[in-house]
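I opened my notebook to look up how this chain folds and what sits around its ligand. Come and read along with me.

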Amino acid sequence: MSKLRIAVQKSGRLNEDSMKILKDIGISIDNGKDQLKASARNFPVEVFYLRNGDIPQYLKDGVVDAAIIGENVLIEKGAGINVVEKLGFSSCRVCIAVPKAAKFKNIKDLEGKRIATSYPNTVQMYLDENGVNANLHIINGSVEIAPNIGLADAICDIVSSGSTLFKNNLKEVETILKSEAVLAVSPKLDAERQAILETIQFRIKSVLKGRD
Ligand code: PRP
Ligand code: MG
C-alpha cells in the first residue's frame, strides 16, 4: 500500500510546530533526529526532513507528495504548487529594511541601490511592480549583517519578532507579503495518496478548529 510522503523542515523555526501538528492529528513518528526519513507507526505516512529551500522542487518533481512549509518559500520558488490548508503557525512577513539612520521616504529611494536577500524572486517582483531598478545580492543566511559590513544599502528578509532587525540597527520600511505555515501538495499526487491526504486534511481542520 502507498504511503503519503510528507516533507517537513529538518531544523529551524517550523520544525517543532510541524511535528506538533502531525502528532495532534494522531500521527506518531519515532523520530531519531538524524534520520532524514521516518515512517509513522499507525498511519500510511512517511516524513522526510528536508531543507526549506529544497522542498518546492521536491514537490514539483513528485519526490514528496505534500509538505508543511512557509508560504513565503512557496511564493519565492513554488510556482505551480497548490496550498490546501493554512496552518495558523509560524507567521512572519517578508520585509525590506534599511539602516536606522538612513533616510527613506518610499520604495523609489532604493533606485540604483544594493539589496541583500535570500528572496530574490519575491523582492524582484516587488521592485518591478514599483518600477524600481536595484541590484540584488543573494545570500542564504544572516542577511541582516549585510548593511553593517558595507555589502548592501538595504535587505529583504523575513521578520517575525523583529529582534534580528533591532539587533542589527535596521528599520523595517516596506512589507512585501505576510506568510504562515501551510500544507502544500505536489501537482503529481496520485489517487491513492490523494485519499490519504484527504484524511489528513480532515483531521487538520478539526485540530485547528479546536485550537481557536
Ligand atoms: C530568520 C530570518 C530573520 C529572522 C527573523 O533567520 O532570516 O533573520 O529569522 O526573526 P525575528 O524577526 O524573530 O528576529 P534565522 O534565525 O532562521 O537564521 P538564518 O537567516 O541565518 O537562516
Ligand atoms: Mg536570518
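**Entry 1: ground rules.** I am working with a predicted model, in which local features need pLDDT of at least 70, side-chain atom pairs count only at pLDDT 80 or more, and totals for chains, interfaces and linings use all residues. Residues are numbered from 1 along each chain as its sequence is written, while chains are lettered from A and ligands numbered from 1 in the order in which they are written.

**Entry 2: confidence.** I looked up pLDDT, the predictor's confidence in each residue, from 0 to 100. The chain has a mean of 95, and 98% of its residues reach 70 or more. For the complex I noted an ipTM of 0.97 and a pTM of 0.93 from the predictor.

Entry 3: I then listed contacts (C-beta atoms, placed from the backbone, within 7 Å). Seven residues of domain 1 touch eight residues of domain 2. On the domain 1 side, helix H3 (residues 71–77) gives the largest share, four residues. That side divides into one nonpolar, three polar and three charged residues. My classes are these: Ala, Val, Leu, Ile, Met, Phe, Trp, Tyr, Cys and Pro are nonpolar, Asp, Glu, Lys and Arg are charged, and the others, Gly among them, are polar.

Entry 4: Helices (H or I, at least four residues) and strands (E, at least two) are DSSP runs, numbered from the N terminus. Two strands pair if DSSP finds at least two bridges between them. A reminder to myself: strands of a sheet pair through backbone hydrogen bonds, either parallel or antiparallel. Here six strands make an open sheet ordered S2-S3-S1-S4-S11-S5, with mixed pairing. At the edges I found strand S2 (37–39) and strand S5 (82–86), each pairing on one side only. The twist averages 30 degrees from one strand to the next; axes are lines fitted to C-alpha atoms, for helices over the stretch in contact, and angles run from 0 to 180 degrees between N-to-C directions. Strand S1 (residues 4–9) runs parallel to strand S3 (residues 45–50), joined by six bridges. I picked out Ala 7, whose bridge partner in S3 is Phe 48. Helix H1 (residues 13–24) lies across S1, strand S4 (66–70) and strand S11 (181–185), at about 140 degrees to S1.

**Entry 5: the five-strand sheet.** What is the order of the strands in the open sheet of five? I read S8-S7-S9-S6-S10, again with mixed pairing. Strand S8 (135–138) and strand S10 (170–179) are the edges, each pairing on one side only. The average twist from one strand to the next is 25 degrees. Strand S7 (residues 114–117) pairs with S8 in the parallel sense over four bridges. Ala 116 has His 137 in S8 as its bridge partner.

**Entry 6: the ligand.** I counted a residue as near if its C-beta atom, placed from the backbone, lies within 6 Å. Ligand 1 is surrounded by 13 residues, the closest being Gly 141, Ser 160, Ser 161, Ser 163 and Thr 164. Strand S9 (154–159) and helix H5 (163–167) are the elements that give two or more residues to this shell. S9 gives the most, with three residues. By class, the shell has two nonpolar, eight polar and three charged residues.

Technical notes: Two residues are in contact if their C-beta atoms, placed from the backbone, lie within 7 Å.
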